[in-house]
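The sequence and structure are shown first.

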Amino acid sequence: MFVKAVGRLLIYLKPYRKHGIAGPVFKLIEAILELYLPLLMARVIDRGVAAGDSAYVLRMGGVMLLIVTVGLLCALVCQYVASVASQGVGTGIRNALFEHIGRLSHSELDRFGTPSLINRVTNDVTQLQYAVAMLIRLVVRAPFLCIGGVVMAMTIDLPLSLVIVVAIPLFLLVITAVMRKTVPLQRAVQQRLDRLTLVLRENLSGIRVIRAFSRTGREEARFDGAVEDHTRAAIQVGRLSALLAPSTQLIMNLGILAIVWFGGVRVEAGGMTTGEIIAFINYVNQILLALMVVANLVVTFTRAYASAGRVAEVLDTVPSIGALAAEEGGEPVPGAPAVEFRGVSFSYNEGEEELSALSFAVPAGATVGIIGGTGSGKSTLINLIARFYDVTGGELLVEGLDVRRWPLEQLRARIGIVPQKTELFSGTIGENIRWGAPDAEEEAVKEAARMAQAAEFIERMPQGYNSEVERGGANLSGGQRQRLSIARALVRRPSILILDDASSALDYATDAALRRALHEGSGGMTVMMVSQRVSAVRSADLILVLDDGRLAGVGTHEELLASCEAYQEICRAQESDTTGGGAA
């Protein structure tokens, strides 16, 4: 899994190959210079200080200062190229994730969930950026200092260097043990973070409902629980990761103690000089610091491992609804029904069917009402028409062509849909309406607003169509948001207009005016209205009655009143609308 995930993401490092080469090269130069310094220090002590040669001390001190300066410049260059590469890789992965998420069908989006996708695009990619920076800056330098330090120590005194040779395997054993424990726990931490983000998102978006029902205390407890779960998982990982530093320090400090002990014996025997002992200890310290860096790299790459898997999981998800190749498509059939269901069944998973064996045809230019109890499958039905989901059985045809043979852009360009949940975007009112048709003229925007019964409140605003819409339409009422959503669908002049309970926030008078405007100005448009109100669908050319995912009746208002028990029950529940006419 690790190799596959890393291989999947390495393509985003390709544009920065030069950075990936230049950074380690400069770090390698810095490491070579750093390895040379203890030898110079030994010479200063043995030849300069011991002999009282101050000129030699100053001369070698100047050489050491020059080496340090060159090493600093190399480190700065490496830091710069590592920053450019890591930020570039992060940008590339985020763009690819965003683009790929936009191609996923509703089934995949439901499976991942919005909070998890947000965390993958933000937190997980940040972890990968940091790992790329560490890869360029330290992956070459740290092992080189370890190996180079051991080699240089051996050149000074081979018997004494055996202490280091024994200490390093012990250190690697500690790293391996900690890594095996922390890798699975890192994924658990990310999952807890997904849960925390979900709770936070629900609380921020539903703050009005929470306050209205005085559930602030309950939600605080729920948030605290999610925070505690994440904290416990993070602490568990932190405790294991924290073992690295003291364990490695203990191992290496014991090694230094052994070097000082046995080195003292070697000095007394005349086998080593004082400067060589100091140089040897400096090499041990370099090895210690490099191994500490390796330990931190293990923690960093462990986190990156979990993040790479989560990011690759999204990128490797093949959309269940994909674009067709040109030769796989087909042509609409002239004179065919606008929408036709042939034994269509659908289920969101392998469980119970949401829709079962639906068969009906909607003539082009007709107005169709869809009514039924809560959970009867009304919204599911219209989601299939726009191919947000694929049918699991039967055939669904738009203009005589199976929706699975329509190129998605062409299919959805012919459909204007107003969803149950109104979504507006920050910008002006005019810009929000033009979401349906970016190139729409000013007059087309105003005409769509008039048909949607939105022109009246828009023109009362000081800046009219240039009035700003806050995020999510927070500065507009529910009815105003719904009317703008309807105008957004109408401005594109679709062949099929789908209204998914789009007038639920409208008063009866506005709802009636909207239906009259649609009837008079539809111009051959096929209108499919999902509604809970009998008054909204009673004048439709055709009414579909859904009951528990099945088609309970098809016909006009009068026909269904005479023959459909489910429709009769709905009418009895709304008797004031059917007998008195209501807003119809």
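## Helix α10

Helix α10 comprises 25 residues, 244-268. In this predicted model, the distance from its first C-alpha to its last is 36 Å, close to the 36 Å expected at 1.5 Å a residue. The buried residues of α10 are Leu244, Thr248, Ile251, Met252, Gly255, Ile256, Ala258, Ile259 and Gly263. In an α-helix there are 3.6 residues a turn, so residues three or four places apart point the same way.

Just after α10, glycine 270 adopts a positive phi of about 80 degrees.

## Packing of α6 against α11

Helix α6 (residues 141-156) packs on helix α11 (residues 274-315) at an angle of about 160 degrees, and the two axes lie 8 Å apart. Because the angle is over 145 degrees, α6 is roughly antiparallel to α11. The crossing of α6 past α11 is left-handed.

On the α6 side, the contact is formed by Ala142, Leu145, Cys146, Gly149, Val150, Met152, Ala153 and Ile156. The α11 side contributes Glu276, Ala279, Phe280, Tyr283, Ile287, Ala290, Leu291, Val293 and Val294. Of the residues in this contact, 15 are nonpolar, 1 is polar and 1 is charged.

## Arginine 180 in helix α7

Arginine 180 belongs to helix α7 (residues 158-205). With a relative accessible area of 69%, arginine 180 is exposed. Between arginine 180 and threonine 302 the C-alpha to C-alpha distance is 9.4 Å, although 122 residues separate them in sequence.

## Helix α17 and its surroundings

Helix α17 (residues 478-490) has 13 residues and spans 19 Å from first C-alpha to last, close to the 18 Å expected at 1.5 Å a residue. Of these 13 residues, 11 are buried, so α17 is largely enclosed by the rest of the structure.

The buried residues are Gly479, Gln480, Gln482, Arg483, Leu484, Ser485, Ile486, Ala487, Arg488, Ala489 and Leu490. The elements covering the buried residues of α17 include the strands β6 (415-418) and β9 (496-500), together with the helices α14 (429-433), α15 (442-451), α16 (455-460) and α18 (508-521).

Arginine 387 is not a glycine, yet its phi is positive, at about 55 degrees. Arginine 387 sits in the loop between α12 (378-385) and β4 (393-398). Its relative accessibility is 5%, so arginine 387 counts as buried.

Aspartate 548, also a residue other than glycine, has a positive phi near 55 degrees. Aspartate 548 is located in the loop between β11 (542-547) and β12 (550-555). At 57% relative accessibility, aspartate 548 counts as exposed.

How values were computed: Residues are numbered from 1 along each chain as its sequence is written. This is a predicted model: local features need pLDDT of at least 70, side-chain atom pairs count only at pLDDT 80 or more; totals for chains, interfaces and linings use all residues. Side-chain values use heavy atoms; hydrogens and water are left out. Axes are lines fitted to C-alpha atoms, for helices over the stretch in contact, and angles run from 0 to 180 degrees between N-to-C directions. Helices (H or I, at least four residues) and strands (E, at least two) are DSSP runs, numbered from the N terminus. Angles under 35 degrees count as roughly parallel, over 145 as roughly antiparallel, 65 to 115 as roughly perpendicular and the rest as oblique. A crossing is left-handed if the near helix is turned anticlockwise from the far one by less than a right angle, and right-handed if clockwise. Contact means heavy atoms within 4.5 Å. Ala, Val, Leu, Ile, Met, Phe, Trp, Tyr, Cys and Pro count as nonpolar, Asp, Glu, Lys and Arg as charged, and the others, Gly among them, as polar. The expected span of a helix is 1.5 Å times one less than its number of residues. Buried means under 20% relative accessible area, exposed over 50%, partly exposed in between (1.4 Å probe, protein chains only).
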